[in-house]
Amino acid sequence: MGSAAAWIMPDRITLRDKDTEIRKQKAQKYAVITIKEPSKAPFYLIPNAYKTLLAYMKVNRLEPKEGSEIISCFEKEYVKEDKDYMDVYIAVK
């Protein structure tokens, strides 16, 4: 098991690097939780965001979805009003 980076790109894009893997994914539902300033305690906040999100999914009877055709979980980092944020996503059936 490892990590990967992904970009959402327009369908008509062409790449010069022939070693870059392009994978397509159909629309997918995700459960999401937002962390404010995750770098303040990343080894506490990020794992607990996943735990909280999985607990939410269990309570609401949302089953996680896995498979080679989708990205089953990922994080998105961004800045809003000079604060760092991270959204944690888990695919649901």
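Which residues do ring pairs link into a cluster? They are Y30, F74 and Y89. The model behind this report is predicted.

## Overall layout

The protein has one helix and three strands. Read from the N terminus, the elements run β-α-β-β. Along the principal axes, the C-alpha atoms fill a box of roughly 40 × 35 × 25 Å. The protein has 93 residues, and 20% of them count as buried. Take the contacts between residues at least 6 apart in sequence: 64% of these join residues at least 24 apart.

## The helix

Helix α1 has 18 residues. From its first C-alpha to its last, α1 reaches 25 Å. That is close to the 26 Å expected at 1.5 Å a residue.

Which residues of α1 are buried? They are I46, A49, Y50, L53 and M57. These residues sit on the same side of α1, because they cover an arc of only 90 degrees around the axis. What covers them includes β1, β2 and β3.

The face turned away from the buried side carries exposed residues. These are F43, Y44, K51, K58 and V59. Two of the names are aromatic, F43 and Y44, and both are exposed. R61 follows α1 and has a positive phi, near 55 degrees.

## Salt bridges

Side chains of opposite charge can pair when their charged atoms come close. The structure holds three salt bridges.

| Salt bridge | Closest N and O atoms |
|---|---|
| E37 and K40 | 2.8 Å |
| E37 and K83 | 3.5 Å |
| E63 and K93 | 3.4 Å |

Start with E37, which forms a salt bridge with K40 and another with K83. E37 lies in the loop between β1 (30-36) and α1 (42-59), whereas K83 lies in strand β3 (residues 83-91). The pair therefore ties together parts that are 46 residues apart in sequence.

How accessible are the partners? E37 has a relative accessible area of 19%. Buried means under 20%, so E37 counts as buried. K40 is exposed, at 65% relative accessibility. K83 is partly exposed, with a relative accessible area of 31%.

The bridge of E63 with K93 also links distant parts of the chain. E63 sits in the loop between α1 and β2 (73-80), and K93 in the segment after β3. They are 30 residues apart. E63 counts as partly exposed at 48% relative accessibility. K93 counts as exposed at 62%. Shared partners join E37, K40 and K83 into one network.

## Aromatic pairs

A pair of aromatic rings is described by the distance of the centres and the angle of the planes. How many aromatic pairs does the structure hold? It holds four.

One of them is Y30 with Y89. Their ring centres lie 6.0 Å apart. Their planes stand at 90 degrees, so the pair is edge-to-face. Y30 belongs to strand β1 and Y89 to strand β3. The two are 59 residues apart, and the pair links distant parts of the chain. Y30 is partly exposed, with a relative accessible area of 23%. Y89 is buried, with a relative accessible area of 17%.

Y78 and Y85 form a stacked aromatic pair. The distance is 5.7 Å centre to centre, with 10 degrees between the planes. Y78 is partly exposed, with a relative accessible area of 26%. Y85 counts as buried, at 17% relative accessibility.

Y78 has a charged neighbour as well. The charged end of K76 sits over the ring of Y78, 5.5 Å from the ring centre.

## Bringing it together

In the charged one, salt bridges that share partners join E37, K40 and K83. In the aromatic one, ring pairs link Y30, F74 and Y89.

Terms used:
Residues numbered from 1 in each chain as written. Predicted model: local features only at pLDDT ≥ 70, side-chain atom pairs only at ≥ 80, totals over all residues. Heavy atoms only, no water. Salt bridge = Lys/Arg side-chain N within 4 Å of Asp/Glu carboxyl O. Buried < 20%, exposed > 50% of the residue type's maximum accessible area, 1.4 Å probe, protein only. Helix = DSSP H or I, 4+ residues; strand = E, 2+ residues; numbered from the N terminus. Phe/Tyr/Trp six-rings, centres within 6.5 Å; stacked < 30°, edge-to-face > 60°. Lys NZ or Arg CZ within 6 Å of the ring centre and 35° of its normal. Expected span 1.5 Å × (residues − 1). Arc of directions from axis to C-beta. Contact = heavy atoms within 4.5 Å.
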